[in-house]
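Please examine the sequence together with the three-dimensional structure shown below.

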Amino acid sequence: MELFASLPAWAQALAATLFTYAMTAAGASLVFFAKRLPHVFLTAATGLAAGIMIAASFFSLLLPAMDRLGGESKLYAAFVLALGFMAGCAFIVSADLVLTRSMREDQERERGSALMCAAMTLHNVPEGFAVGVAFGSAAGNAGLAVAALMLALGIGIQNFPEGMCVALPLKRSGASAGRAFFIGQMSGAVEVPAGVLGALAVGLISTLLPWALAFSAGAMIAAVCAELIPSGFSENKRVAAAGTAIGFALMMFLDIFLG
């Protein structure tokens with residue numbers, strides 16, 4: 001622990017985000033155990049992924065953005081959240097239109113994979129920034145350093161089901177286990193450079209973070225509505241609905257419990 005405390009802030013952020021990335025990869029690795037699972041389980045997993053992403057968009061992204069805007073006027077905070085959220089939605093919808101026009105019908109699975117990966121990657125960028133900002137702000141303060149470690153631990157634990165919620169729906173849509181794992185774990189890899197950047201540019205990143213959080217929330221909701229909900233509910237509404245409820249409750253519990 002003393003060795004870790006002696007490291008510069010950017011190195012602490014690097015170590016912490018390598019842990020959060022590893023947890024994403026661990027969650028995505030569950031796809032290798034889904035080779036012989038019944039189709040109904042994969043439908044439930046799609047619903048689970050939708051619930052996790054909906055909850056994460058609110059509890060992991062919009063609420064932290066609101067907290068960071070606490071010192072601003074209510075009008076400005078509402079403007080940032082609404083505009084950032086709509087921009088994120090517009091980004092996913094625009095990407096969907098571009099991919100639809102540029103891909104053939106037999107490449108539909110690739111389009112869905114690209115949207116899901118983009119949404120989860122965008123979600124992980126501000127999380128990496130948050131970890132980096134926490135370590136950058138904690139320089140020389142033991143209490144803030146412990147809080148930064150707890151933040152990294154909480155994000156890491158949350159990343160496990162998030163990695164799973166990217167990889168399993170991809171497997172269900174027909175992707176190979178290796179491809180689904182690769183895309184799932186890559187969605188978390190962006191946290192590492194984002195964390196280092198956040199530690200090196202604390203002031204600038206802190207200012208931009210509410211915008212990035214709201215943008216990512218909008219992107220996640222748009223991706224869920226465009227891909228996961230239509231895919232899961234077209235197969236079995238009851239199973240998909242149960243999975244969505246369980247996924248939302250699980251992510252809500254983790255976010256509240258881990259603070």
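The structure is a predicted model, in which local features need a pLDDT of at least 70 and side-chain atom pairs count only at pLDDT 80 or more, while totals for chains, interfaces and linings use all residues. Residues are numbered from 1 along each chain as its sequence is written, and side-chain values use heavy atoms, with hydrogens and water left out.

Confidence is expressed as pLDDT, the predictor's confidence in each residue, from 0 to 100. The chain has an average pLDDT of 83, and 89% of its residues score at least 70. Confidence is highest in helix α2 (residues 9–28), with a mean of 92, and lowest in helix α1 (residues 2–6), with a mean of 72. Where pLDDT is low, the predicted coordinates should not be read in detail.

The chain contains ten helices and zero strands. These elements are DSSP runs numbered from the N terminus: helices are H or I runs of at least four residues, and strands are E runs of at least two. Contact here means heavy atoms within 4.5 Å. Among contacts between residues at least 6 apart in sequence, 85% join residues at least 24 apart.

How much of the chain is buried? Of its 259 residues, 46% count as buried. Buried means under 20% relative accessible area, exposed means over 50%, and partly exposed lies in between (1.4 Å probe, protein chains only). In soluble globular proteins, nonpolar side chains tend to be buried together. A nonpolar core is a set of buried Ala, Val, Leu, Ile, Met, Phe, Trp, Tyr and Cys residues joined through side-chain atoms within 4.5 Å. The largest such core has 52 residues, of which M53, I92, C165 and L228 touch the most other members. Helices α3 (39–68), α4 (74–102), α5 (108–137), α6, α7 (177–189) and α9 (202–235) each supply at least two residues of this core. Not counting residues up to four places away in sequence, C165 touches A49, I52, M53, M116 and M120. Another core, of nine residues, lies apart from the largest one and includes V131, A134, F135 and A199.

Q12, found in helix α2, counts as buried because its relative accessible area is 10%. Leaving aside neighbours within four places in sequence, Q12 is in contact with F4, A5, L7 and F135. Q185 lies in helix α7 and is buried because its relative accessible area is 7%. With the neighbours within four places in sequence again left aside, Q185 is in contact with Y21, T24, A25 and A28.

The accessible surface of the chain comes to about 12000 Å², of which 71% belongs to carbon and sulfur atoms. Such areas come from the Shrake-Rupley method with a 1.4 Å probe; for residues, only the protein chains shown count as cover. On this surface, F19, V146, M150 and L153 form a nonpolar patch with about 340 Å² of accessible area together. Patches are made of residues with over 30% relative accessible area and no salt bridge, with like charges joined within 9 Å and nonpolar side chains (Val, Leu, Ile, Met, Phe, Trp, Tyr) within 5 Å. A salt bridge is a side-chain nitrogen of Lys or Arg within 4 Å of a carboxyl oxygen of Asp or Glu. Helix α6 (residues 142–172) provides the largest share of the patch, three residues. L153 is found in helix α6 and counts as partly exposed because its relative accessibility is 37%.
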